[in-house]
Amino acid sequence: MAQAQPEQDLPHVPWSDIRLNEKIGEGSFGTVHIGTLREKDMVAVKVLGFEEYPVDLGEPSNLLAKNLREEAHVMLQIQTENVVKLIGVCMDKGHYSIIMEYMPRGTLPHVLQTLDRQLSWPERLLMCLDAARGLRTIHHPHGGYPARLHGHLSSDAFLVNNDLRVKLSDFCTTKTRSSINKRKRSHRRRSTVAYLAPEHLQAIHEAADYPSEVYSFGVIMWEIVSQRIAHQERRGVNESEIRRFVLEEKKSEDLPADCSPQLKDIIDKCRSHKPLDRPQMTGVVTILEALSSSCSS
Ligand SMILES: Nc1ncnc2c1ncn2[C@@H]1O[C@H](COP(=O)(O)OP(=O)(O)OP(=O)(O)O)[C@@H](O)[C@H]1O
């Protein structure tokens with residue numbers, strides 16, 4: 001059986017350079033571990049497949065392997081300060097993986113739920129700005145790369161480092177996710193209904209578009225600013241409470257009373273029920289940059 005070859009333009013890391021340490025997460029794609037690269041650098045290693053459902057790594061046409069390369073390519077094309085850095089891919093038989101920058105504090109909602117203090121306003125603004133710059137990178141890329149949607153945007157897609165800097169991650173393609181989910185039905189992603197734009201709550205199977213991702217981003221900013229998880233008490237069976245709140249009552253969750261009017265304005269514009277009233281991510285970044293610099297000066 002032919003062995004998958006490393007892509008010429010993807011940095012290849014041989015498995016012998018990696019020491020795998022504890023598991024830190026599991027997605028629909030496989031497991032994520034802390035690792036050590038060349039006995040020196042701490043990295044995160046996303047290993048394709050699961051112990052109980054190993055992927056046949058010898059087959060180059062394998063859809064999952066193809067999509068792993070696709071995810072790595074996307075990461076490589078959009079490397080900026082606010083996107084989790086791709087270090088390389090390993091395509092050694094039995095060890096198909098993506099090696100990336102390790103983000104020690106984990107996902108954004110995990111930080112918002114477990115931080116033992118209130119974030120200051122400059123911190124909240126900087127986290128919003130980091131996240132906005134991350135999303136702008138894919139919506140409005142430089143260097144002639146195609147604009148793209150994230151595809152399943154929620155606060156889980158953002159990871160946080162020790163300095164509370166936020167970076168966009170998780171470029172696993174929809175195809176990859178659905179094919180591995182067929183193998184491993186036990187993995188349940190946190191529901192993303194709380195982040196769905198009203199027009200998509202009505203037509204749940206419709207694909208995301210740019211305005212609907214801006215709406216999702218508005219909800220994520222609400223989470224950072226409120227230091228809470230969106231619709232926490234409305235999540236439940238079928239999320240019918242979220243639908244009622246958003247679709248029937250036409251509401252958005254309230255921001256803290258001490259949120260500045262300018263920040264409230266941009267979050268509310270992103271969460272507008274009218275897609276055409278939502279700004280583009282370039283505009284969101286410009287406003288957050290101005291607010292962040294005036295707040296920290
Ligand atoms: N670079 C990283 N640094 C630190 N932790 C990470 C990193 N990448 C992933 N993780 C952790 O591993 C978990 C699983 O990540 P992964 O991207 O595989 O799946 P997911 O985003 O939860 O789901 P899916 O694969 O369906 O998109 C994350 O929720 C996070 O806790």
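Okay, let's start down at helix H9, which covers residues 281-296 and holds cysteine 295. Keep in mind that what we're looking at is a predicted model.

Among contacts with a separation of 6 or more, 65% come from residues 24 or more positions apart. The protein chain has 297 residues, and 50% of them are buried. As for secondary structure, you can count 9 helices and 8 strands. The accessible surface is about 14200 Å², with 50% of that belonging to carbon and sulfur atoms.

Now turn to the sheet. Five strands make an open, antiparallel sheet, and the order is E1-E2-E3-E5-E4. Which strands stand at the edges? Those are E1, residues 18-26, and E4, residues 86-90. Each has a single partner strand, so one side of each has no neighbour in the sheet. Neighbouring strands here are turned by 30° against each other on average, if you ignore direction.

Let's zoom in on one pair. Strand E3, residues 41-48, and strand E5, residues 97-101, pair in the antiparallel sense over 5 bridges. If you want a spot to look for on screen, valine 43 stands opposite glutamate 101 in E5. Then find helix H1, residues 63-77: that helix lies across E3, E4 and E5, and runs at about 20° to E5.

Last stop, lysine 46, which sits in strand E3. Lysine 46 is buried, because its relative accessible area is 12% and the cut-off for buried is under 20%. What does the side chain of lysine 46 join up with? There's a polar contact of 3.2 Å to the side chain of glutamate 71. And the UniProt record, an unreviewed entry, has a "binding site" annotation that covers Lys46.

Conventions. Residues numbered from 1 in each chain as written. Predicted model: local features only at pLDDT ≥ 70, side-chain atom pairs only at ≥ 80, totals over all residues. Heavy atoms only, no water. Helix = DSSP H or I, 4+ residues; strand = E, 2+ residues; numbered from the N terminus. Buried < 20%, exposed > 50% of the residue type's maximum accessible area, 1.4 Å probe, protein only. Contact = heavy atoms within 4.5 Å. Areas by Shrake-Rupley, 256 points an atom, 1.4 Å probe, with all protein chains shown as cover. Pairing = 2+ DSSP bridges. Axes fitted to C-alpha atoms, helices over the stretch in contact; angles between N-to-C directions. UniProt positions renumbered as here; feature names shortened; annotations may be inferred. Polar contact = N/O pair within 3.5 Å; in protein donor to acceptor, adjacent residues only side chain to side chain.
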